[in-house]
Amino acid sequence: MYPLDKIFKPNSIAAIGGSDKPGTVGFALMTNLLSGGFKGNIYPVNPGHSKIHGLKSYPSVKKIPGGADLAVIAAPAKFVPGIVEECGEAGVGGIIIISAGFKEAGREGKKMYAQIAKTARQHNIRIIGPNCLGIIAPPVGLNATFASRMALPGKIAFISQSGALCTAILDWAVDQSVGFSHFVSIGEMVDIGFHDLIDYFGADPDTACILIYMETLDEPRKFISAARAFSRTKPIIVLKAGQSAEGAKATLSHTGSLAGNDAAFDAAFRRTGIIRVETVSQLFHVAHALAMQPRPKGNRLAIVTNAGGPAVLATDFLMKNGGQLAKLSSKTMKALDEILPAAWSHGMPVDVLGDTSPENYGKALGLVLEDSNVDGALVITATQAVISPTKIAEEVVKVSRNTSKTLLACWMGEADVAEGRETLEQGNIPNYRYPEEPVLAFLRMYRYGRNLELYYETPPAIPEKFTPQKDKAAAIIRNAIHTGRLTLTEPEGKELLACYDIPVAPNSVAKSAEEAAEFAHSIGFPVVMKIDSPDIGHKTEVGGVLLNIKSKDEAKAAFAKIMANARQHRSDARIEGVLVEKMISKKFELLVGAKKDPIFGPVIAFGMGGTAVEVFQDINLGLPPLNMALAQRIIERTRIFKLLEGYRGQPGVDLGELQFLLVKFAYLVMDFPEIKEADINPFVMDQQGGMVLDAHIVLEKVPARRGAFTYDHLVISPYPEQYSKVIAMKNGQSALLRPIRPEDEPLEAEMFEKLSRESIYFRFFGYVPKVSHKFLVHFTHIDYDRELAIVAEVEEEGRKMLAGVVRLVNDYGNLSAEFAIIVADPWHRQGLGSTMMDFMIEIARDRGLERITAQALTSNEVMLAMFKHRGFEIINRENGSYIVELKL
């Protein structure tokens, strides 16, 4: 049983605070529990009553005979901590706290909130709330809310931080015949958060799509991990409130939690494959389309209509929001000429005119969908006196049965088109009232598929070996903090960047005019000279920067002038000298930066740099860690990208070098949680390469590290380098055991070619018909928080290859994991499998797992012997295989 089954599939419920008094939350709760169709036992708990709603009432949850799986609490806040303690003592597995007056109610409320959290941990209870509407689970007839409606059954799981929004949506959903597998008001998340519910609903066969209304996010790493695990198979659609500064403040006062930078949320959602929408209607419109239609392979939308005006509105919205209007082939145009009136639009949108028969309307749609230049179609129909919207809908449904492309509809009007809408709905064609709505749904569907495709593509290998000087970088940061400074000087900042192989211009700090002149001469004129002071941030404002110094004499004069300006404007400043640097001019001025978000930690920024960075605001964000492909995604979402790749015959830049720069910069901010802000502006670049011209790095004090380099400040687990070692096989060949990377996909594909049919059968309990990118991406693109695969990398004749893979996939709760291993046939009987198994068991212990399970065919005697030798015990036998377990 999943821990959350006690909440969503209970056998018995205690209604604590249930009441017979109409108009109270306790009364509504009891009414809903009894009328929803729940088949289990319901026990009212209220010490002041002997019976409630005709059922015996108990003075305490501890008095219920046989106990309860779930307790729903609707008592005053001051009693709730004590009630939760009683539930723990009574063995209750799940609690829903409807009561308000905790985190949002000041100091005393926060104290009670903390006590509830502590009690939940002590007794291993899972809690939803407090301050929530409750939950509805239509598959088991459970309505544990004080709402006025019961949700209809369906395939959508809805999670909301706003109880008020829940009641409004519930009312709307019943009217629109929208059903739910689960309907959850999550409240203040004292225990159960978004990540728990994504994990649960992601594995739930009754759920096809997860919808979330989000105001704040308390555990971003767990949320991102859960979303990455399931967004590939189940769409996760999020409506995030607090996009504006004013909205974020309102969110803070509503929930008592940080709201975070909205642009960082955008970056996080893109990285996890989440679909973001802006309105409540979009939340359900997009879900509706994804549930009924295949995702489009491209963004080319065809529009077929009998209403010219609405089609123009749809076209405008499509083009404004990044879509393409499909262009029909000459073959399709000729075919349309043969069936449509002579006055049809002869282009896109295809306006069939108001008096075209439903049959020809359908034929025209079919021809359009057959065109290879079309990824999906939108049918817009306005009611006409001479043509039945229902008949047109019937023809559209017929066409839909013979296409695999996305098909959406807009039937404009109300009473006249109601029957047609019902026909479309029955035919699994999403239909909308206004033309912009289906266009937006189409684009969100496309971007969802495109984002998954891009973020799970095989990244190219980094162009060269990269070994940062971590210890030297640590010394620079440590020295600044120890001397009481939280801002690095420009020379320190550039030295830090150079530790990570980020190119900086030749520079040196001169203590005298003569030193400045000599160094300038050694690196070659012209040079730029800047004041070097830990107390002067904006150097230009104090006359601390002089450009285009062309001779020794000019250098001496510049040194004197800069020093005099600095002393005049900031007599209190500590002055280290004057920075002399080679003056470099290149075509593009870029910004590369990072800033710690209060929720997501370090966020990488890239875009157009220079002095007008705030004017153009051409900046895109991404979350570390990065590989070459992820870096490319950040770059190509900026407007300057078109120029960087080369435009109208003008040379661009080496995009591979730029991607690698972002990868290296990401490693820097990952390795040092002390970095609060880092701005490289400008990073100048042309076709010959790039260079840092200015760097501003701000630090903050952080708690002492548990190890040399830990990554607790990141929300996405980086590559776990610590799990690497070199071993020797029986034949003397060495192998590097290391975690798998997305870049390993080609090597894994080659390894499959070296597997015999028997090896494949023993590993997968069947045969793999085709080793494709779609198949391999599940093995190479992994979340290291949830899964770990160790590969055995060998080298033969200068070529690297994989000899085997051992894998642990964590179960729900991350306390146990499933084990699997495969060794390519050329390396059988070399002790490799045993060594890899022992290494992975050692890693499992290090990661805090309590047990490992595995499954092996009864005929796989070698594997079973390896398990037995290491203390695995057989716990089950099913379908010709053994389930074995090792307690750690």
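Residues are numbered from 1 along each chain as its sequence is written, and side-chain values use heavy atoms, with hydrogens and water left out. Because the model is predicted, local features need pLDDT of at least 70 and side-chain atom pairs count only at pLDDT 80 or more, while totals for chains, interfaces and linings use all residues.

Strands of a sheet pair through backbone hydrogen bonds, in either a parallel or an antiparallel way. Strands (E, at least two residues) and helices (H or I, at least four) are DSSP runs, numbered from the N terminus. Two strands pair if DSSP finds at least two bridges between them.

Let's start with an open sheet of four strands, whose order is 21-24-22-23 and whose pairing is antiparallel. Strand 21 (507-510) and strand 23 (545-549) sit at the edges, each pairing on one side only. From one strand to the next, the twist averages 25°. Strand 21 and strand 24 (residues 577-582) run antiparallel and are joined by four bridges. Here Asn507 stands opposite Glu581 in strand 24.

Contact means heavy atoms within 4.5 Å. Axes are lines fitted to C-alpha atoms, for helices over the stretch in contact, and angles run from 0 to 180 degrees between N-to-C directions.

| Helix | Strands touched | Angle of directions |
|---|---|---|
| Helix 18 (residues 490-499) | strand 21, strand 22 (527-532), strand 24 | about 45° with strand 24 |
| Helix 20 (residues 552-569) | strand 21, strand 22, strand 23, strand 24 | about 25° with strand 22 |

Another open sheet has seven strands in the order 9-8-11-10-12-13-14, with mixed pairing. Its edge strands are strand 9 (142-145) and strand 14 (275-277), and each pairs on one side only. On average, neighbouring strands of this sheet are turned by 20° against each other, direction ignored. Four bridges link strand 8 (residues 134-137) to strand 9 in the antiparallel sense. Look for Ala137, which stands opposite Leu142 in strand 9.

**A closer look at Asn431**

Where does Asn431 sit? Its place is in strand 20 (residues 431-432). Is Asn431 buried or exposed? Asn431 counts as buried because its relative accessible area is 13%; buried means under 20%, exposed over 50% and partly exposed in between, with a 1.4 Å probe and protein chains only. Leaving aside residues up to four places away in sequence, Asn431 touches Ala409, Arg421, Leu424 and Glu425. A polar atom of the Asn431 side chain lies 3.5 Å from the backbone oxygen of Arg421.

Key
Polar contact = N/O pair within 3.5 Å; in protein donor to acceptor, adjacent residues only side chain to side chain.
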